[in-house]
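The entries below follow the order in which I looked.

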Amino acid sequence: MNPFRSVGARLSFALAVVVAAALAIVYVALVPTLERRLVNAKVAQLRSAAPGLRTQLAEADLTSVDFVTNAAVSANARVVLFTPLTQSPRTLNVFADSLQGRNASDVENDPIALAASTSLAPRSGTVERGDERFAEAAVPVRSDGSVLLLTSSLHDALSYVHLVQRRLIAAGLIALVASVLLGFGAASVFARRIKRLERAADRIAGGDFLEPVVDHGSDELGELARAFDRMRARLARLDDARRAFIANASHELRTPLFSLGGFLELLQDEDLDPATRREFLTTMSEQVERLTKLATDLLDLSRLDAGRLRIDREPVELAPLAQLLVDEFSAVARAGGHPLEAIVEEDAVALADPERTVQIGRILVENALKHTPPGTPVRVVARAPAELAVEDEGSGIPESQVGEVFERFTRLDGALASGSGLGLAIASELADVMGGSIRLESESGTVFALVLPVAARDRLAIR
Ligand SMILES: Nc1ncnc2c1ncn2[C@@H]1O[C@H](COP(=O)(O)OP(=O)(O)OP(=O)(O)O)[C@@H](O)[C@H]1O
Ligand SMILES: [Mg+2]
C-alpha cells in the first residue's frame, strides 16, 4: 500500500494541518497586536510627558543647556530642543540635545518635530533612524516654531516582541513534530487492530469459524470486533446445521434405497413364491412412498431456507378444514383403532394460506395417529379466533424434549413409529412464515395447536 495513503499518514497530516493552522491564527492575532500595544504605550508615555516639560521650559532659561539633560532624566527619553532655522520651507536647528555626546545631526530633519513646528500643535508617532525605530512626541514651545522633541528607542519593546515571535515559532515546530508522531503512533495502534479484524474476516470467509474474534477495546473498533464475533458464531451454527442436515438427509435417503436394493436382489430369485413376491412388492412400494415423502419434505425445507416458498394470505375457515382432515385420515385412524373426530367452532377464521394450513394439519394428525398407542382417541379442534389443534391421549412428550421436537431430524427415544423427524420442523417453519406459531402442551396426552393470525369476518363475507 502507498504509505501516504495509510490511515497513519492521513491522520498525521490532518493533525499537522490543524496544529499549523491554530498556530498561524495565534501568530497573526497575537504578534502584530502585541507590537502595536507596546509601541502605542511608549508613544503615549512620551506624549503625556511632553506638556509638563513645555511648562517647565517656559519658566526656565532657554539658553540653559542643563534643562534638556534634566528633562531627559525625568521623562526617561532623549530630549531635543529645536529652534527654527528658516521659515519657508521650515527647517529646524538643534538648539540643545540631551544626548550631547552624540552627533545631533541624526535628528536634524525629524519629521515629527517639523510637523509640530509647522502646525504649532503637538505631534507624536514613530520614526526610523538608521536601522532603529523610535517613539516620538513633539510639542511647540513658542509661536516662532521652536519645538521640544522627546524621542525614545523602541529597541527593548521590539526585542520583546521578537522574543515572543521566536518562542511561538519554536513551540509551533515542537507541536507540529509532536502531532505528526502522535498521529503515526495512534494510527499504528488502530492499524494493528484493524489488521487483526481483517485477518479474522479472511479466516471467516475461508470457512474457519473456530477462532474467536477478540478485541477488548470499548471503542467503536471493539464494538465492530464483537459484532464480527457474533457473526462468526452464527455462521458457525449455520455451518454446523448445514453439515448435520446434509449428513442426516443422505442417511435418510440411503436407508430406503438400501432396502429397495436388497429387495430387488431378492426378487431376481426365480424360485420365489407369488405370496412372498407380493409381500416384497408391498414393502418396496412403502419404501418408495417414504422416499417420495422425504424428497418432498427436503424440497419444502430447502425452499423455506431460501425464503422462496410462496405463501398466500387469505381468510381460511378452520371448521371445514378440521373436518377435511378427519375425513382424509379416517381410514388410517380406523386401521390403528383410533377414534378420530372433529370438534369445531364455526367462527374460527384465520388469515393464512389454505394449502399450507392443511399441510400443517396433516403433519399433526399423522403424528397423533402414528406416535400414540393403538386405540387412543384423536381430536381435531377448530377453535376461535384462529386456532387449529390436534389432541391425542398418547404417552406425551417429556418436558425436557418439548423444545427439541421442532428441530429437523429429531425423533424422540422410544418413539412408537419411525419417521424422518422432519414433520414438526416443516410445520413450525411454515407456521412462522404465515405469521403464526405452534403451541405444544403435553401433560396427559399431547396437544399441538397451530395459532394463526386472525382474519376479519367481514372480509370473508365479501369473498
Ligand atoms: N403426538 C405425538 N405424541 C408423541 N410424540 C410425538 C407426537 N408428535 C411427534 N412426536 C415425537 O416428535 C418426533 C418428531 O416428530 P416429527 O413429526 O417431526 O417427525 P416424525 O413424525 O418422526 O417423522 P416425519 O414426520 O418426518 O415422518 C417424533 O419422532 C415423535 O417422537
Ligand atoms: Mg411426523
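I began at the hairpin of E3 and E4, where two residues lie between the strands and Gly130 in the turn has a positive phi of about 60 degrees; helices (H or I, at least four residues) and strands (E, at least two) are DSSP runs, numbered from the N terminus. Strand E3 (residues 123-129) and strand E4 (residues 132-140) run antiparallel and are joined by seven bridges, two strands being paired if DSSP finds at least two bridges between them. Opposite Ser124 I found Ala137 in E4.

I noted the terms of the model before going on: it is predicted, local features need pLDDT of at least 70, side-chain atom pairs count only at pLDDT 80 or more, and totals for chains, interfaces and linings use all residues. Residues are numbered from 1 along each chain as its sequence is written, chains are lettered from A and ligands numbered from 1 in the order in which they are written, and side-chain values use heavy atoms, with hydrogens and water left out.

Next I looked up helix H1 (residues 7-59) and H4, whose axes come within 8 Å and cross at roughly 170 degrees; axes are lines fitted to C-alpha atoms, for helices over the stretch in contact, and angles run from 0 to 180 degrees between N-to-C directions. H1 and H4 are therefore roughly antiparallel to each other, given that angles under 35 degrees count as roughly parallel, over 145 as roughly antiparallel, 65 to 115 as roughly perpendicular and the rest as oblique.

For helix H4 (residues 155-205) and helix H5 (residues 220-267) I found axes that come within 11 Å and cross at roughly 10 degrees, and H4 and H5 are therefore roughly parallel to each other. Among the residues of H4 that meet H5 are Phe190, Leu197 and Ile204, and those on the H5 side include Leu221, Phe228 and Leu235; contact means heavy atoms within 4.5 Å.

I then turned to the open sheet, in which five strands follow the order E7-E9-E10-E12-E11 with mixed pairing. Strand E7 (340-344) and strand E11 (437-443) stand at the edges with a single partner strand each, so one side of each is left without a neighbour in the sheet. Strand E10 (residues 387-392) and strand E12 (residues 445-451) pair in the antiparallel sense over six bridges, and Asp392 stands opposite Thr446 in E12. Helix H7 (residues 318-335) packs on this sheet, where it touches E7, strand E9 (378-383) and E10.
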